[in-house]
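Here are my notes for a first look. Please read them with the model open.

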Amino acid sequence: MDIKTFGELIDWTRDLHQNLATCLRHCAAHHDDDRAKALLTYLASHENELSRIVDEFEHQSAKNTLSTRIYDYLKHQTVHSHESCDPHYAQLNFDAIYQQVMEFHDQIMTLFQNLSERAEIPEARDLLESLLTMETNEAKRLASQVGRMDDL
């Protein structure tokens with residue numbers, strides 16, 4: 001993860017969500033279990049929506065905030081995702097798929113939380129807190145929706 005500015009952080013986050021969506025959609029087509037296939041399809045659409053939402057942050061943020069250097073306090077482990085889409089999710093059951101996607105979101109939320117605690121510029125802190133709030137709310141919505149799927 002070679003991120004130097006807040007704009008690049010937003011691009012990276014958007015790309016992570018988009019890559020995950022693509023991988024989930026690909027794996028849905030190859031899964032044998034209908035329940036897991038439905039989950040993968042739903043998660044792919046959710047990740048596409050998150051990618052679109054994250055992209056809006058770039059359009060709504062001030063240019064000087066987006067160009068603010070971030071690397072001085074970006075000392076966080078890389079978020080683990082499947083950068084190349086392999087059949088990984090097609091081999092997991094419903095619960096394991098859900099758990100891994102939620103762990104992915106937890107890692108992003110932890111990153112945003114850590115960065116917001118270190119941000120010295122109020123506009124940068126506000127941006128990070130907004131990204132964190134969005135990710136947190138979307139993770140809650142995801143948990144609720146998947147919980148409903150599990151009830152069926």
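**Notes on helices and selected residues**

1. Helix α4 covers residues 94–118, 25 residues in all. From first C-alpha to last it reaches 37 Å, close to the 36 Å expected at 1.5 Å a residue. Helices here are DSSP runs of H or I with at least four residues, numbered from the N terminus. The expected span is 1.5 Å times one less than the number of residues.

2. This is a predicted model: local features need pLDDT of at least 70, side-chain atom pairs count only at pLDDT 80 or more, and totals for chains, interfaces and linings use all residues. Residues are numbered from 1 along each chain as its sequence is written, and side-chain values use heavy atoms, leaving out hydrogens and water.

3. At the start of α4, a side-chain oxygen of Asn93 lies within 3.2 Å of the backbone nitrogen of Asp95.

4. The axes of α1 (residues 6–28) and α4 come within 12 Å and cross at roughly 175 degrees. That makes α1 roughly antiparallel to α4 (an angle over 145 degrees). Axes are lines fitted to C-alpha atoms over the stretch in contact, with angles from 0 to 180 degrees between N-to-C directions.

5. Which residues meet between α1 and α4? Among them are Trp12 and Leu16 in α1, and Phe104 and Ile108 in α4. Contact means heavy atoms within 4.5 Å.

6. Ser51 is in helix α2 (residues 34–60). Beyond neighbours within four places in sequence, Ser51 contacts Arg14, His17 and Gln18.

Note on methods: Helix = DSSP H or I, 4+ residues; strand = E, 2+ residues; numbered from the N terminus. Polar contact = N/O pair within 3.5 Å; in protein donor to acceptor, adjacent residues only side chain to side chain. Parallel < 35°, antiparallel > 145°, perpendicular 65-115°, else oblique.
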